[in-house]
Amino acid sequence: MLTTRITEFFSVERPIVQGGLMWVAKAGLVSAVSNAGGMGFMTALTFPDAESLRAEIRTCRSLTDKPFGVNLTFLPTLRPPDYSAYIDVCAEDGIRFIETAGRNPEKYLPRIKSAGIKVIHKCTSVRHALKAQRIGCDAISIDGFEAAGHPGEDDVTTLILVPLVRDAVDLPLIASGGFADGRGLVAALALGADGMNMGTRFVATREAPVHENVKQALIRHSEVDTRLIMRTLRNTERVLHSQAVDKVLEIESSGTPSIQDLIPFVSGLVGKEMLEDGDMNKGTLAAGQCVGLIRDIPTCRELLDRVMAEAEEIIKTRFGRMLS
Ligand code: NAD
């Protein structure tokens, strides 16, 4: 058993967080992570409106009595969401933790905090972590360059970012980007974090509601098989290599495209279809470099048991032996 500021912050047994995963982090996966002792986060924008999020929160409650939270990402989007309505639902339905990401959540903090909800802000630089602490966020999740999805524009790896953020802020800290196993968890703790976030690793679990082809693709691809797209728009996204990704990169290399040029390939709705039908060349799938570490499709419980056993073995036995 590992007790850290993050296990205490969330009141969970294990310092492992499942970050927001668009179209994937629904009640089934989130409750499985929470039931396995980790902290699951449901991704609000996966649901077309606030009432659908409310229904999913209630489904999740019927599947677990353990804590879980809601991820709210503020990034450019093709279908602008009603963020306030999602926040109202979280407040009304007793959500105690919201993970904000993408942009400064300051505008929404008064409503969130007045409902007694704690905010974990996921960011990609020391300056953003400092800002998050200053505006009253309760915890920081720091995303290194290895991470899936939107790792920012600074390209600083987890190995550097985590200790820098640890030195800069006093809040409970979650390390994110590159994590898939118990070795990563020990490394995150050694770097000064209080827990680790896994995203891509959770897509290759039994409970992830995606086509089997998606899970097999994560096993088949290696650490060199991710690409950075939308850099020309300053909205960089790390995704798994595919024909659609090559097409996006080709368009980007030929000038300064607009989002309109890229929509046929990057649209979230195309990505959703791909996750359902398993046609991996259709759209883009956010994936981190840790894809190279994914070799199987366990249940969330098997995965978290294994991560914890590996971490405890390293700390007790390997490190213990080194010390003596
Ligand atoms: P979407 O269909 O709205 O957009 C597709 C992609 O294009 C996204 O990466 C988006 O950021 C980008 N985009 C849209 N409009 C843009 C613009 N004007 N300029 C630059 N880039 C633009 O995306 P979606 O898949 O339906 O997701 C909805 C939102 O959630 C997006 O902002 C997306 O980035 C974000 N997201 C969240 C998670 C998460 O885990 N919470 C993961 C991936 C994406």
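Student: How much area is buried between domain 1 and domain 2?

Tutor: The size of an interface is often given as the accessible area lost when the parts come together. Here domain 1 and domain 2 bury about 2000 Å² between them, and carbon and sulfur atoms give 61% of this. Buried area is the accessible area (1.4 Å probe) that two parts lose on being put together, summed over both. In domain 1, W23, L78 and E153 lose the most area to domain 2, together 29% of what that side buries. This is a predicted model, in which local features need pLDDT of at least 70 and side-chain atom pairs count only at pLDDT 80 or more, while totals for chains, interfaces and linings use all residues. Residues are numbered from 1 along each chain as its sequence is written, and side-chain values use heavy atoms, with hydrogens and water left out.

Student: Into which domains is the protein chain divided?

Tutor: Domain 1 covers 5-208 + 295-323 and domain 2 covers 212-289; the bounds come from an automatic or database domain assignment. Their centres, taken over C-alpha atoms, are 23 Å apart. In contact (heavy atoms within 4.5 Å) are 26 residues of domain 1 and 25 residues of domain 2.

Student: How many salt bridges does the rule find across the interface of domain 1 and domain 2?

Tutor: A salt bridge is a side-chain nitrogen of Lys or Arg within 4 Å of a carboxyl oxygen of Asp or Glu. The rule finds two across this interface. E153 also forms a salt bridge with R231, with the closest N and O atoms 3.6 Å apart.

Student: How many aromatic pairs does a search of the whole structure find?

Tutor: A pair of aromatic rings is described by the distance of the centres and the angle of the planes. Rings of Phe, Tyr and Trp (its six-membered ring) pair if their centres lie within 6.5 Å; planes under 30 degrees apart count as stacked, over 60 as edge-to-face and the rest as tilted. The search finds seven pairs. In one of them, F9 and F97 have ring centres 5.5 Å apart and planes at 50°, so the pair is tilted.

Student: Are F9 and F97 buried or exposed?

Tutor: Both are buried, where buried means under 20% relative accessible area, exposed over 50% and partly exposed in between (1.4 Å probe, protein chains only). Ring pairs link F9, F10, F41 and F97 into a cluster.

Student: Where does the charged end of R238 sit?

Tutor: A charge sits over a ring if NZ of Lys or CZ of Arg is within 6 Å of the ring centre and within 35 degrees of the ring normal. The charged end of R238 is over the ring of F145, 4.8 Å from its centre. K272 lies over the face of W23, at 5.8 Å from the ring centre.
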